[in-house]
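Please read the following report with the structure open beside it. It goes through helices, sheets, loops and a ligand site in turn.

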Amino acid sequence: MKKIIFFLGKGGVGKSTLSISLAHFFSQRKDKVYLASIDPAHNLCDILNLSPFVGEKEIKPNFWIEEIRIEDFLKKTLFDIEKKMQHLYAYLTVINLENMFDIIKYTPGMEELASLFALKDIVKKLDDKDFLKKLQGVIIKDGEKLSGINKPIIIKNLDKLPVPAYHLLRSRYGKFFDLEFFSSKCTGVETSRGCPFRCRFCSREIAGMNVYRAKSAERVIRELDYVTDLGYRSIVIIDDNFLIGKTRAEKILRSIIDRKMGLEIFLQGVRIDSVDDSICKLMKKAGVVAIAFGIESGSQKVLDFYRKGIDLEQIRRVVKLCAENDIYTIGNFIMGAPVETRKDIENTIRFAKSLPLDFSLFFILEYTAGSDLWKAAVSEGKIDEDEYRVYADSSRGLTKFSLEELKHYQKKAYISFYADPRYMLRELRSAIKRNRTHLAKYVYVLFKHILR
Ligand code: SF4
């Protein structure tokens, strides 16, 4: 049965503290708790030591919080009233109705009215929660288990989507380990969805992301114009593979150059085999400062097992090309493929160290719902259908190593990569040359983080 509890009172009486404590108590009892604050002080995040965010968030099992912006409800309430009045009394437009509403928002009682609408909305939202189970594209997670996957509708023409409401963003992006990576205000922009490749560990299919679709170059530029008008100059392109459809990518990069947009761009997903000398130079000219590559392994046997479709020589050539063009490279590696031996893991660490990479991330293989590896493991009875994320572990027949051994290799890889004096010297030199000495701090912070 649903229960709604109100914590009311003037400032400083402990509404937030008491409501959080009670919500925590209920969630421990396995009751599902949604804690909403309409207090303009917005102190839930402060008390819970969280960075502010928009919308609701599950902060621990069974416990969701949301800080409602009453200003938004006030605006919406006034807007709705204004529309109704205009409809009923058309002559009011003559007497400048909009201006009156600018004044009405300061009238005593309006905020309280907006609060009541906010509460109505919350209660409706709670009632609607079961609707989510029927919505296409919604994946329902119950604790560590999957309790439902609703196939998504694939939107083919991304140009038809409205430009996201970037002006509503309140969070600041572009920080890693609490350090600023970018030199100016940063946000993410999506120019395409999905990926036509079929790497065996990749879970793209589950969210319909195995179907590649792209916004036109003109649409992307329109979106970039919008974000730059809002003062953003640092952009993370969040696509899985920005360079698929090279003609489109080149058109976007050329427009950025021609329009002198002065951007600083981080490409979060680029396939090694889509980079050549000319695109590398064009990317540099357009303001690309960093690229993340899925390198996965230093063993050709493991790459072939994953159906990655790239080879070690290609990887070496492309990482070197980026370094020569002064573009930061981040290499992502995975350890624990079922065919992977101790020697393969050691080769991966050695290979990572031999490349002029600026950062390396070493992951333990996860069998994620929707991936070919996960499907095969489910059909072999090694994974239950409702387990959506399972670490490779020999005790479950998913790799040759125990999870503990893989963690040990992961740590060894990090220490070996980041504590290599040649790497440290190279990064320090490049950070000074690029006038980005703060990035040298990353190496230090990363290293501290790893050692912990
Ligand atoms: S790992 Fe990357 S290239 Fe491979 S299928 Fe997934 S998104 Fe595509």
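In helix H7, the residues Ala 249, Ile 252, Leu 253 and Ile 256 are buried. The model is a predicted one. Seen down the axis of H7, these buried residues fall within an arc of 95°, so they line one face of the helix. On the other side of H7, Thr 247 and Asp 258 are exposed. The length of H7 agrees with expectation, because its 13 residues should span 18 Å at 1.5 Å a residue and its end C-alpha atoms are 18 Å apart.

Helix H1, residues 15–28, can be described in the same terms. H1 has 14 residues. From its first C-alpha to its last, H1 reaches 20 Å, close to the 20 Å expected at 1.5 Å a residue. Which residues of H1 are buried? They include Ser 19, Ile 20 and Ala 23. These residues cover an arc of only 100° around the axis, which puts them on the same side of H1. The face of H1 turned away from that buried side carries Thr 17, Ser 21 and Phe 25, which are exposed.

The segment before H1 contains Ile 4 and Gly 11. Ile 4 has 10 other C-beta atoms within 10 Å and is therefore exposed. Gly 11 has 7 C-beta neighbours inside 10 Å, so Gly 11 also counts as exposed. Ile 4 and Tyr 34 are 30 residues apart in sequence, and their C-alpha atoms are 9.5 Å apart in space. Gly 11 and Asp 39 are 28 residues apart along the chain, with 9.2 Å between their C-alpha atoms.

The next topic is a sheet. Three strands form an open sheet in the order E1-E3-E2, and the pairing is mixed. Strand E1 (33–37) and strand E2 (57–60) are the edge strands, each pairing on one side only. Neighbouring strands of this sheet are turned by 30° against each other on average, direction ignored. E1 and strand E3 (residues 63–67) run parallel and are joined by five bridges, while E2 and E3 run antiparallel and are joined by three bridges. Ile 65 in E3 is the bridge partner of Leu 35, and Ile 65 is also the bridge partner of Lys 57. E2 and E3 form a hairpin with two residues between them. Asn 62, in the turn of this hairpin, has a positive phi of about 70°.

Another open sheet has six strands in the order E8-E11-E12-E13-E14-E15, with parallel pairing. Its edge strands are E8 (186–189) and E15 (359–364), and each pairs on one side only. The twist from one strand to the next averages 20°. E8 pairs with strand E11 (residues 234–237) in the parallel sense over four bridges. In this pair, Val 189 stands opposite Ile 237 of E11.

The table lists them with their places.

| Residue | Phi | Loop |
|---|---|---|
| Asp 326 | about 65° | between helix H10 (312–324) and strand E14 (328–335) |

Are these residues buried or exposed? Lys 260 counts as exposed because it has 7 C-beta neighbours inside 10 Å. Asp 326 has 12 C-beta neighbours inside 10 Å, so Asp 326 counts as exposed too.

The last topic is the ligand. Which residues surround the ligand? They are Cys 195, Phe 197, Arg 198, Cys 199, Cys 202, Arg 204, Asp 240, Arg 271 and Gly 294. The residues of this shell divide into four nonpolar, one polar and four charged. Cys and Phe count as nonpolar, Asp and Arg as charged, and Gly as polar.

Notes
Residues numbered from 1 in each chain as written. Predicted model: local features only at pLDDT ≥ 70, side-chain atom pairs only at ≥ 80, totals over all residues. Pairing = 2+ DSSP bridges. Axes fitted to C-alpha atoms, helices over the stretch in contact; angles between N-to-C directions. Near = placed C-beta within 6 Å. Expected span 1.5 Å × (residues − 1). Buried ≥ 20, exposed ≤ 12 C-beta atoms within 10 Å, placed from the backbone. Arc of directions from axis to C-beta.
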